[in-house]
Amino acid sequence: MNRAVVIRTTRGLADYLIGRGRGGGLVVVGYDKDGDEDAGLVLVDVATGVEAPFAAKPGVQHGSVVWSRAGDRVFFRDNADSPADFHLREATLATQAVRTVLARPGAWSVEDVDAAGKRLLVSLARSNYDTSIYVLDLASGALAEIDAMPAGKTAAAGEPRFVGSKGAGSGTAGIGEAVVYLSDRGGERRRAWIARLDDGTIDG
């Protein structure tokens, strides 16, 4: 489960707590002393407060932490490759191995992971008023945009979540068949919309 929690660690109260997993037994913490979010990530045992290094790269900004639903992997973003670009990573807890799952120019973020751990919902922020949402296939690296705007128009889309699942006979059991998200696509204030992944229809 991914949600914000507040705990006290061996370094005091975490300034920037950004993920939760393994039933709440472990959390990923990013310390932020000066607003740069560049102190690296650490794993913290909730029961003991003991910390272990995790994707610790001093001077590199980290964020948008999302746990797999099985609690065995953590997805996050960092700008280790270029200060101007946030690329997306997948870390396996058992081995601490980190691999890059998306390395395209721009400010990318991880938003959600499907139940099977095969796809991510990711976002690309060009400005506060221009944000796009995509489904990222972790095996192929393919990106599919959700609710793409016509040429010359923008929307502030955000907070997407996978909902539902396809039938077991489809060969993609556990993959979210729809995405719920907020958007001002209609020109009004942001409100909830649903995009169906099977046929691309948008309902609001």
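**Group meeting: strands, rings and confidence in a predicted model**

Good morning. The structure is a predicted model, and I shall return to its confidence at the end.

I turn now to W193, whose ring has arginines placed over it. The charged end of R191 sits over this ring, 4.0 Å from the ring centre. The charged end of R185 also sits over the ring of W193, at 4.8 Å from its centre.

Next, the aromatic pairs. How many are there? The count comes to one aromatic pair. The rings concerned are those of W108 and Y134, with centres 5.4 Å apart and planes at 50 degrees; the pair is therefore tilted, since that angle lies between the limits of 30 and 60 degrees. W108 is in strand β11 (residues 107-113) and Y134 is in strand β13 (residues 130-137), so the pair ties together parts that are 26 residues apart in sequence. Are these residues buried or exposed? W108 counts as buried, at 3% relative accessibility, and Y134 counts as buried at 11%.

Strand β13 also holds V135. This valine is buried, with a relative accessible area of 8%. Leaving aside neighbours within four places in sequence, V135 is in contact with R119, L120, L121, A142, L143, A144, I146, F162 and L197.

Finally, the matter of confidence. The protein chain averages a pLDDT of 79, and 77% of the residues score at least 70. Over residues 1-10, pLDDT stays under 50, and the model has 23 contacts beyond four places in sequence for this stretch. Residues 167-176 likewise have a pLDDT below 50, with 22 contacts in the model beyond near neighbours in sequence. Where pLDDT is low, the predicted coordinates should not be read in detail. Thank you for your attention.

Notes: Residues numbered from 1 in each chain as written. Predicted model: local features only at pLDDT ≥ 70, side-chain atom pairs only at ≥ 80, totals over all residues. Heavy atoms only, no water. Phe/Tyr/Trp six-rings, centres within 6.5 Å; stacked < 30°, edge-to-face > 60°. Helix = DSSP H or I, 4+ residues; strand = E, 2+ residues; numbered from the N terminus. Buried < 20%, exposed > 50% of the residue type's maximum accessible area, 1.4 Å probe, protein only. Lys NZ or Arg CZ within 6 Å of the ring centre and 35° of its normal. Contact = heavy atoms within 4.5 Å. pLDDT = per-residue confidence, 0-100.
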